[in-house]
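Please read this note with the structure open beside you. Go point by point and find each residue as it comes up.

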Amino acid sequence: MTTTERSDFSRFGKTFQENLVQLILMDRPFCDQIREVFAVEFLELKYLQAFVNIVFSYKDKYKIHPTFDIMTTLLRTGLEDQNETVQKQVRDYFARMQDSEPDGAQFIKETSLDFCKKQKLKEAVEKAKAERDRLKQLEKRDAQGFVMKVESELGVKQKKRKGRPKKDE
């Protein structure tokens, strides 16, 4: 699989992905908007996936966007299911993130939203094709069953007719 065929953000690079995740934390309206079409699997890097999962889990549970202070606490307590390398990467990333603003925020927002929407559209088309194929198989099976039923009924009627004399006789 070439880089252009991959269905994740890897072709945009690590910095783009880190800036995107930073925007997800810092910009609540953008987070709400992208979440409608975003899949954590679009992120290439495991530590960014873990970070976003924590943000989304908090939002789901408390119905509010986490602050930096809340994230500090969550990152101290909420990474038990990750290996030590990922835990360290998440915490290091969070420390770096707090000291900077993402470069090209508007570009990152537009590009990531466009990418996610296209991926969701592609997914929907694939599901529709699979459903179409399934329905074709059902129709084919139903048509074959119908033909067999008609043939068997015609065969039974023809057999009954063979034993009867014709009205002219």
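1. Start with the side chain of His 65. In this predicted model, it comes within 2.7 Å of the backbone oxygen of Leu 25. The side chain of His 65 also makes a polar contact with the side chain of Lys 59, at 3.1 Å.

2. Where does His 65 sit? Its place is the loop between α3 (46-62) and α4 (68-77). Is His 65 buried or exposed? His 65 has a relative accessible area of 12%, so it counts as buried; the cut-off for buried is under 20%.

3. Now look at what surrounds His 65. Neighbours within four places in sequence are set aside here. The contacts of His 65 then include Ile 24, Leu 25, Arg 28 and Cys 31, along with Val 55, Tyr 58 and Lys 59.

4. Turn to helix α2, residues 28-35. Its buried residues are Phe 30, Cys 31 and Ile 34. Viewed down the axis of α2, these buried residues fall within an arc of 100°, so they line one face of the helix.

5. Next, the salt bridges. How many are there by the rule used here? The count is ten. One of them pairs Lys 109 with Asp 27, with the closest N and O atoms 2.5 Å apart. Lys 109 lies in helix α6, while Asp 27 lies in the loop between α1 (14-26) and α2, so this pair ties together parts that are 82 residues apart in sequence. Both Lys 109 and Asp 27 are buried.

6. Compare that with Arg 134 and Glu 131. Their side chains meet in a salt bridge of 2.7 Å, N to O. Arg 134 and Glu 131 are three residues apart in helix α6, so about one helical turn separates them. Arg 134 is partly exposed, at 43% relative accessibility. Glu 131 is partly exposed too, at 35%.

7. Another salt bridge joins Arg 132 and Asp 133, with the closest N and O atoms 3.3 Å apart. Arg 132 is partly exposed at 42% relative accessibility, and Asp 133 is partly exposed at 39%.

8. Finish at the surface. Phe 146, Val 147, Val 150 and Leu 154 make up a nonpolar patch there. Together they have about 350 Å² of accessible area. Val 150 belongs to helix α6 (residues 105-163). Val 150 is partly exposed, with a relative accessible area of 31%.

Key:
Residues are numbered from 1 along each chain as its sequence is written. This is a predicted model: local features need pLDDT of at least 70, side-chain atom pairs count only at pLDDT 80 or more; totals for chains, interfaces and linings use all residues. Side-chain values use heavy atoms; hydrogens and water are left out. Helices (H or I, at least four residues) and strands (E, at least two) are DSSP runs, numbered from the N terminus. Buried means under 20% relative accessible area, exposed over 50%, partly exposed in between (1.4 Å probe, protein chains only). A polar contact is a pair of N or O atoms within 3.5 Å; within protein, one must be able to donate a hydrogen and the other to accept it, and residues adjacent in sequence count only if both atoms are side-chain atoms. Contact means heavy atoms within 4.5 Å. The arc is that of the directions from the helix axis to the C-beta atoms. Patches are made of residues with over 30% relative accessible area and no salt bridge: like charges are joined within 9 Å, nonpolar side chains (Val, Leu, Ile, Met, Phe, Trp, Tyr) within 5 Å. Accessible areas come from the Shrake-Rupley method with a 1.4 Å probe; for residues, only the protein chains shown count as cover. A salt bridge is a side-chain nitrogen of Lys or Arg within 4 Å of a carboxyl oxygen of Asp or Glu.
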